[in-house]
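Let's walk through this one together, a piece at a time. Have the sequence and the 3D view open as we go.

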Amino acid sequence: MKGLKLTTRILAILFIAVTVISCKDGKKEQPKEDAQKTEMKGNDHSNMKHEEAGHDNSDGHHDGDKASETRDVSATSQKNAATTPIIDAYIQIKNGLVSDDNVATKKGGTALVAAFSKFDMSKLSGDTHKEYMEIMESAKEHGAHIVKSDIAHQREHFEVLSTDMDDLITLLGTEKTLYQDFCPMANNNKGASWLSEVKEIKNPYFGAKMLKCGSVKKQIN
Amino acid sequence: MKRYIKKIGLVLFIVFIAIQFIPKKYNQNDIVSKTDFITTFNPPKNIAAKLTASCYDCHSNNTYYPWYNKIQPIAWFLEDHINEAKAELNFSEFADYSKRRQKSKLKSIMSQIRDDEMPLSSYTLMHSEAKFSEEDKKMLTEWLDNLRDNL
């Protein structure tokens, strides 16, 4: 009899423990990329040749050239105000990292995901749309990870996010004046770039440890 | 008081038995998909073996289930866990990812291995063969790094 009582107690404790664990786990789940996948299906919802405000489309960016393979940001970018909220959120992440501020960086991550969700892509078509979707998918994922990571991981995600931002600007343009900076010591000495709204070097990969490391490679607008 | 506890224990025991009969969904597939990481990139045998042993249980469409993982509510807990892991990275669908995402995932894989964050310690507790030695880590990250540069 004593044995039975003991086993039932153990079972009860086990059961409660596992229930608590799985409940906690369930809460963590966030709405995943289902929304993106459904959006992906409607690939060509406009035959329009990209008529965004102030958008002069004479440089042949839409002719299917793979912008992902060109890492350079063209010095004279198309003037596009639509990308501003996205870039502002990216800058917010960058500045969080510059000041070694994990919480501020997380806020930037949240802002980035929100900015991409709000972006109106109904004006994009064909290859531009496809390319944008890939950039968005990747950048949102980095944003979501930045929200839940420590600062070392935030910096790793920021490195890849920066290449996404370069490609986004090459693809769609910006109205902002930006500087592309490069630090040869970042990314395990492989070097990494970032975009900044100020000319002065403020290194997001090392923060206070090596704030001045890097140089301006290019100015956009 | 004694009778009270006994009753609760009995009820829980019955619930425990009952939930074993609820149909379970296992993360298993008979075919290896064309978009599988190993099928696509054809790594050397030792690397393929390491990835299969250490990553594929959670990060692919095929999990090997030891008997204790078929007991409820552990199986439910695992199902959630595997779904979360696959949303993050699914080796069975790797070739379906855009080039951009593949590169980004390879970078994350390397960093997780380097920092000993993956495989999870809760996993290697039961699967000691899944642990990476320092040589394993070096071999894997070098191969993955090379793959990333050539994508």
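What follows is a tour of confidence, then chain A, then a helix pair in chain B.

This is a predicted model, so to speak of a local feature pLDDT must be at least 70, side-chain atom pairs count only at pLDDT 80 or more, and totals for chains, interfaces and linings use all residues. Residues are numbered from 1 along each chain as its sequence is written, while chains are lettered from A and ligands numbered from 1 in the order in which they are written.

Chain A averages a pLDDT (the predictor's confidence in each residue, from 0 to 100) of 75, and 65% of its residues score at least 70. Over residues 20-71 of chain A, pLDDT stays under 50.

Now for the helices. Two packed helices are described by the angle between their axes and the distance between the axes. In chain A, helix α5 (residues 126-147) packs with helix α6 (residues 151-172) at about 160 degrees, their axes 9 Å apart. Axes here are lines fitted to C-alpha atoms, for helices over the stretch in contact, and angles run from 0 to 180 degrees between N-to-C directions; helices are DSSP runs of H or I, at least four residues, and strands are runs of E, at least two, numbered from the N terminus. That angle makes α5(A) roughly antiparallel to α6(A) (angles under 35 degrees count as roughly parallel, over 145 as roughly antiparallel, 65 to 115 as roughly perpendicular and the rest as oblique). Residues making the contact (C-beta atoms, placed from the backbone, within 7 Å) include Y132(A) and I135(A) of α5(A), and V160(A) and L161(A) of α6(A).

Next, find the sheet. Strands of a sheet pair through backbone hydrogen bonds, either parallel or antiparallel. In chain A, three strands form an open sheet in the order β2-β1-β3, with antiparallel pairing (two strands pair if DSSP finds at least two bridges between them). The edge strands are β2 (192-196) and β3 (215-220) of chain A. From one strand to the next, the twist averages 25 degrees. Helix α6(A) turns up again here: it packs on the sheet, touching β2 and β3 of chain A, and its direction makes about 60 degrees with that of β2(A).

Over in chain B, helix α5 (residues 99-114) and helix α7 (residues 134-149) pack at about 165 degrees, with axes 10 Å apart. That makes α5(B) roughly antiparallel to α7(B). Among the residues that meet are L106(B) and M110(B) in α5(B), and L140(B) and L144(B) in α7(B).

Technical notes: Contact = placed C-beta atoms within 7 Å.
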